[in-house]
Amino acid sequence: SVKQRELPELDDEFAQSASEFDTVEELRADIRTKMGTQKKLMQGGSARDKVVETLLEQVDIPLPEAFLHDEIHFRTDAIVRQLAQAGLSLEDYLGHEGQSKEDFDADIAAQSAQGMRAQFLLDAIARKENVSVGQEELTRHLIQRAAGTGLTPDQFAQQIVNAGQANMLVAEVVRSKALAIVLKDAKVADAAAAVVDLAALRPAGAEDIEDMVRAEMEALHESGIDPDQ
């Protein structure tokens, strides 16, 4: 048989049926705004990563073998669990990606080492800058983390406590504040050598760069990505 897709006209009627807007121009404006926000988050994330990468190139941070070994197993197990939830095995994933088990293990080891170095670096900056975490900051971060899990803040908090990971939340806030301190004094240029105004990348509602960092981390958590990875 011969089949042909019939798409609706891009008009006000379509906008009303496919969105909460009355006109197609309002729909287009909303899409442009969302795309602009996403682009800012991506550019802000790239700038953040580049700053951390540059700092790590300037310092030597030896990693305890036992900690690195545990981190590699933790990340590998997390990936295996995520694949299992999607009904896939690690072998299925590697076959789809065209990647060998040896290459996969090497990538996980490199990511684990880089992530641990970044954590140690930000922890050192936090100590030097006497970074502290208030209850309000911790509560806001907990609410942000819970939003990406489908749990209520109370349920997520109970899950964290039961797993003995309460200190993990505090560490995440401390590191985000340490990173914000670094970003305030950082100068980042794009591929065209134009200086990136980090303050201009703040999402709506973010009052300072620290809020921008938290917004990026929240967006990453909601998409199932660990910022430390």
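A charged surface patch, as the word is used here, is made of residues with over 30% relative accessible area and no salt bridge, with like charges joined within 9 Å. Keep that in mind as we walk through this predicted model. On its surface, E9, D11, D12, E13, D22 and E26 gather in such a patch, and its charge is negative. E9 counts as exposed because its relative accessibility is 61%, and exposed means over 50%.

Now let's turn to charges that have partners. Side chains of opposite charge can pair when their charged atoms come close.

Start with R75 and E71, whose closest N and O atoms are 2.8 Å apart in a salt bridge. Both residues sit in helix α3 (residues 65–85), and because they are four residues apart, about one helical turn separates them. R75 has 2% relative accessibility, so it counts as buried.

Next come R175 and D123, whose side chains meet in a salt bridge at 2.9 Å, N to O. R175 lies in helix α8 (residues 166–185) and D123 in helix α5 (residues 101–128), so this pair ties together parts that are 52 residues apart in sequence. Both R175 and D123 are buried.

Helix α8 also contributes E172, which forms a salt bridge with R145, with 2.7 Å between the closest N and O atoms. Since R145 belongs to helix α6 (residues 135–147), the pair ties together parts 27 residues apart in sequence. E172 counts as buried at 13% relative accessibility, and R145 is buried with a relative accessible area of 13%.

Definitions and conventions
Residues numbered from 1 in each chain as written. Predicted model: local features only at pLDDT ≥ 70, side-chain atom pairs only at ≥ 80, totals over all residues. Heavy atoms only, no water. Patch = residues over 30% accessible without salt bridge, like charges linked within 9 Å, V, L, I, M, F, W, Y side chains within 5 Å. Areas by Shrake-Rupley, 256 points an atom, 1.4 Å probe, with all protein chains shown as cover. Salt bridge = Lys/Arg side-chain N within 4 Å of Asp/Glu carboxyl O. Lys, Arg positive; Asp, Glu negative; His and termini not counted. Charge placed at Lys NZ, Arg CZ, Asp CG, Glu CD. Buried < 20%, exposed > 50% of the residue type's maximum accessible area, 1.4 Å probe, protein only. Helix = DSSP H or I, 4+ residues; strand = E, 2+ residues; numbered from the N terminus.
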